[in-house]
Amino acid sequence: ASFSGGNNQNSATLTAHKKLCSGSDTAKGKVGKGIGISTTWFGKYKARRTAKAKKVYTKIKSGLTKTAVTYYNNGPDCEPNEYAYVWSNIKDTVYLCNLYYNIQTSCSKTKESKEGTLLHEWSHSFAGTKDIEYGRTDCKNLAKKKPSKAVKNADSYAYHYCDAQ
Ligand SMILES: [Zn+2]
């Protein structure tokens with residue numbers, strides 16, 4: 001990974017980044033029938049949804065493996081109180097924003113993290129996920145009420161991924 005926009009906790013970002021490939025494998029192994037965190041974030045078991053979620057993790061890993069990625073510090077289009085963003089036509093860059101610099105590096109099961117944030121953003125770039133709901137509470141509700149949307153929702157992957165580590 002390389003960096004633009006100078007140094008703002010680059011070593012922490014690199015630490016988080018380096019976990020994403022093996023972490024995606026770990027998370028992929030924890031999607032499916034009878035797995036609590038799979039039900040929590042992706043809803044009641046259905047073969048089609050399990051296949052979809054596994055594919056997302058496969059695509060994230062393969063995208064990260066094949067792509068020379070850039071982390072852009074203090075992204076020029078950051079909104080106030082944003083963690084990070086990507087552009088759909090720029091697949092190799094994640095833009096980091098103010099909130100990102102205030103959260104812990106590695107995954108947490110209760111808090112936000114750099115690792116989970118990067119996973120969220122790369123799920124957009126490499127697997128075409130959407131932002132349907134944000135935050136643990138709303139994502140859990142989405143899994144219960146609209147599981148077919150949960151398997152398309154970036155934050156659902158960030159939380160499932162972190163719970164799987
Ligand atoms: Zn997003």
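Which residue in β2 is the bridge partner of F3? That is Y71. Before going on: this is a predicted model, in which local features need pLDDT of at least 70 and side-chain atom pairs count only at pLDDT 80 or more, while totals for chains, interfaces and linings use all residues. Residues are numbered from 1 along each chain as its sequence is written.

I will start with the sheet. Helices (H or I, at least four residues) and strands (E, at least two) are DSSP runs numbered from the N terminus, and two strands count as paired if DSSP finds at least two bridges between them. The sheet is open, with 4 strands in the order β1-β2-β4-β3 and mixed pairing. Its edge strands, pairing on one side only, are β1 (2-4) and β3. From one strand to the next the twist averages 30°; angles here run from 0 to 180 degrees between N-to-C directions, and axes are lines fitted to C-alpha atoms, for helices over the stretch in contact.

Now strand by strand. β1 and β2 are parallel, over 3 bridges. β2 (residues 70-72) also pairs in the parallel sense with β4 (residues 90-96), again over 3 bridges, and there T70 has T93 as its bridge partner.

Helix α5 (residues 114-127) lies across β3 and β4, at about 15° to β3. Contact means that C-beta atoms, placed from the backbone, lie within 7 Å.

Next, a helix pair. α2 (residues 20-28) and α8 (residues 154-164) pack at about 90°, their axes 8 Å apart. That makes α2 roughly perpendicular to α8, a label for angles of 65 to 115 degrees. G23, T26 and A27 of α2 meet H160, Y161 and A164 of α8. By class, these contact residues are 3 nonpolar, 3 polar and no charged; nonpolar means Ala, Val, Leu, Ile, Met, Phe, Trp, Tyr, Cys and Pro, charged means Asp, Glu, Lys and Arg, and the others, Gly among them, are polar.

Last, the core. A nonpolar core is a set of buried Ala, Val, Leu, Ile, Met, Phe, Trp, Tyr and Cys residues joined through C-beta atoms within 7 Å; buried means 20 or more other C-beta atoms within 10 Å of the residue's own. In the largest one, of 38 residues, V94 and L96 touch the most other members. α8 gives the largest share of this core, 7 residues. Leaving out residues up to four places away in sequence, L96 touches Y71, Y72, N73, N74, G75 and A84.

Conventions. Parallel < 35°, antiparallel > 145°, perpendicular 65-115°, else oblique. Contact = placed C-beta atoms within 7 Å. Buried ≥ 20, exposed ≤ 12 C-beta atoms within 10 Å, placed from the backbone.
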